[in-house]
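Biologist: Please take one part of this model and describe it closely, giving the criteria behind each term.

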Amino acid sequence: MGTALIYDEEMTKYKLLWVDPACKIEVPERLTVSYEALKNSGLADRCVSVPVREATDEDILLVHSEEYLEAVKKTPYMTLEDLKEFTLQYGDVYFHPNIYHCAKLAAGASLQLVDSVMTGKVRNGMALVRPPGHHSMRSAASGFCVFNNVAIAAQYAKLKHGVKRVLIVDWDVHHGQGVQYSFEDDPGVLYFSWHRYEHQKFWPQLRESDYDNVGKEKGEGFNINVPWNKVGMKNSDYLSVFCHMLLPVAYEFNPDLVLVCAGFDSAIGDPEGEMCASPDIFAHLTHLLMNLAGGKVCAVLEGGYNLTSLPQSVCQTVHTLLGDPAPRPANLDGPCESALESLHCSRSAHRKYWSCLKHAAEHPSSDVSTKRLKLAEEEEKVENGEEKEKAEEEVWPEPPKRVTAPVRTALVLPDGVSCPDRCKLFSSSKDPVIVNKLRENFPRDAADSDALTTLSSLVALVEKMEKNEICNGLALVQDVSMAMTCVVQHAAIALSNRVLVVCVGDVLVPAHYKEDGTILLVHFSNKEEEQKSKYHIPVCLKKGCSDVSGFMQAVLGLLLPLGYEYDPSLVLLARTPDSGLCDGAWQQLTGLLQGLAQGHTLVLLQEGERAYVGPTASSLLGEAAPSVGKIKAPLLEDVESMEGLRTRLQVDWKLLQTTAPETG
Ligand SMILES: COCC(O)(O)CCCCCNCCCN
Ligand SMILES: [Zn+2]
């Protein structure tokens with residue numbers, strides 16, 4: 001299934017007609033440079049083009065009041081003076097004779113996107129629209145927004161498509177207060193937003209944008225705010241909040257549909273956000289959402305004002321929606337203290353609503369946190385003597401070219417096992433050099449020519465992945481731990497790469513790992529093992545991997561942060577029949593891990609598990625994993641052992657931190 005792209009140049013046909021410093025950044029070029037970039041990169045032609053439509057009154061009244069709609073209807077006929085007058089009643093927004101028409105198209109585009117995804121015409125998609133939406137409220141325009149495109153889309157999805165639970169992820173750098181007000185009492189819509197806040201000093205300067213605003217009445221717990229109290233947030237800050245706040249709660253919420261308020265003013269170079277996250281981070285943020293709701297993800301453009309980072313970020317998002325593996329994340333050096341403070345406060349505020357957070361550390365007693373923040377502000381005033389350089393002068397590397405491998409998924413299968421379609425059956429030419437090398441390394445199996453054939457195929461496959469001729473692979477082997485040793489030896493030693501090895505179940509872990517960092521081994525099992533080193537991490541789950549909740553929390557809160565920080569060039573995923581891991585969780589794991597190593601994932605299955613070839617192949621082909629259902633509370637002893645592991649490991653692995661280090 002494809003990716004929808006919804007765009008119409010009519011939405012470029014309105015602009016600011018008078019002088020207003022607050023609004024001058026919202027220009028038609030935002031849309032044209034984004035669409036041009038999608039065209040020039042060939043991405044637009046890979047998408048399914050879906051036409052816009054005008055939202056009807058009925059659509060708009062799902063969120064807005066009649067009086068507001070009637071008032072906006074009058075604007076096309078207003079003189080310039082009347083438009084200025086009309087605009088004065090709202091904040092940081094402007095009107096234009098054609099903006100009502102464009103606002104109907106922006107909302108209608110979002111509804112077209114929801115229809116295309118919910119009817120299965122496409123798997124996911126993006127709507128490139130203006131005016132944006134997330135600030136507009138029931139009876140007021142605000143922040144360049146006239147109608148709340150995503151809020152209308154959420155109500156529409158519930159009403160027209162019977163969607164029960166909608167997740168709205170707002171990665172725009174501003175707080176979408178309009179969305180928050182629309183759904184704060186609605187447990188069917190989980191709204192997540194991070195936003196520049198600076199202790200309420202940044203626009204729209206609302207008290208209710210802080211982390212303690214968790215929703216109201218039946219909607220308590222279904223509104224998540226992560227305020228950024230400093231500028232300069234980077235990729236590590238964004239990934240930490242996804243892994244330790246958004247994703248655990250999102251998997252517990254188990255949405256039927258994901259809507260993204262895709263604002264790109266949270267990228268580097270943006271004058272509004274003044275953040276430092278690189279455009280390719282949106283490839284990872286998008287990827288991390290694509291195994292929710294069976295892959296039904298609708299991204300709707302909100303903000304983004306740097307005409308260089310905006311199109312780059314839009315392309316990164318669409319690349320990923322199309323299934324292209326994300327580029328390796330540039331040096332993740334861990335979240336900053338302010339981000340950890342915000343993460344901690346937000347997790348604590350939601351402890352009582354979400355079982356995944358039940359054991360999140362206690363809320364810092366308010367005087368400590370405000371005292372610490374006061375201190376931090378004092379320091380900042382002092383150190384910030386030199387003038388911050390303007391966001392527009394920021395420079396950053398162009399995101400790396402994302403070349404799709406000619407072959408996506410290759411399979412090494414024993415005779416008689418059929419190869420799922422769209423996968424390539426792979427067996428190596430019996431390269432004598434490789435075979436002899438293997439004979440030396442595996443003397444006891446040298447006799448067994450089948451084993452040698454399999455091993456030489458594996459080695460050849462790893463080399464093709466290394467050259468990006470093949471993206472990922474799956475092998476059904478006699479002996480998983482021998483195959484693992486062979487691949488690790490070849491990849492880590494011969495190709496001197498970093499290999500992330502993820503073992504599920506009681507795979508015999510080859511003992512002789514050098515602790516030099518060329519291999520990071522994360523082993524999920526139900527056996528207590530003491531942690532040998534920074535690079536050999538046993539994750540012990542009481543009920544092994546059969547407890548989906550504990551397993552998923554360990555994947556989201558431990559494995560993903562470790563994997564991102566380690567940044568491997570190959571991910572080796574091995575399972576054994578005794579793992580007890582259910583299909584859904586297995587496919588979630590296989591799907592999520594493809595965000596690493598440019599998607600170079602090699603899966604090893606034990607011969608007897610041929611039933612897993614199909615489901616694993618579909619995940620390797622980029623299909624969304626089935627949902628694992630609502631995640632319950634993990635077992636207490638599992639939470640305690642994972643928290644203990646996190647506490648020990650976070651000294652070496654910064655992305656595992658969830659609270660600011662205690663200041664002296
Ligand atoms: C949904 O619209 C997308 C958006 O969130 O980016 C709108 C931001 C409005 C920012 C208003 N203050 C501008 C002050 C100028 N320095
Ligand atoms: Zn914004």
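Modeller: The account below concerns a pair of helices and the loop between strand 3 and helix 7. This is a predicted model, in which local features need pLDDT of at least 70 and side-chain atom pairs count only at pLDDT 80 or more, while totals for chains, interfaces and linings use all residues. Residues are numbered from 1 along each chain as its sequence is written, chains are lettered from A and ligands numbered from 1 in the order in which they are written, and side-chain values use heavy atoms, with hydrogens and water left out.

Helix 6 (residues 99-118) and helix 7 (residues 149-161) pack with their axes 9 Å apart, at an angle of about 40 degrees. Helices (H or I, at least four residues) and strands (E, at least two) are DSSP runs, numbered from the N terminus; axes are lines fitted to C-alpha atoms, for helices over the stretch in contact, and angles run from 0 to 180 degrees between N-to-C directions. The two helices, helix 6 and helix 7, are therefore oblique to each other, a term for angles that are not under 35 degrees (roughly parallel), over 145 (roughly antiparallel) or 65 to 115 (roughly perpendicular). To the contact (heavy atoms within 4.5 Å), helix 6 brings A103, A106, A107, S110, L111, V114, D115 and M118, and helix 7 brings N149, I152, A153, Y156, A157 and H161.

The loop between strand 3 (124-127) and helix 7 holds P131, and the peptide bond from R130 to P131 is cis, with omega near 5 degrees. F144 lies in the loop between strand 3 and helix 7 as well; although not a glycine, F144 has a positive phi of about 70 degrees. Most residues other than glycine have a negative phi, and most peptide bonds are trans.
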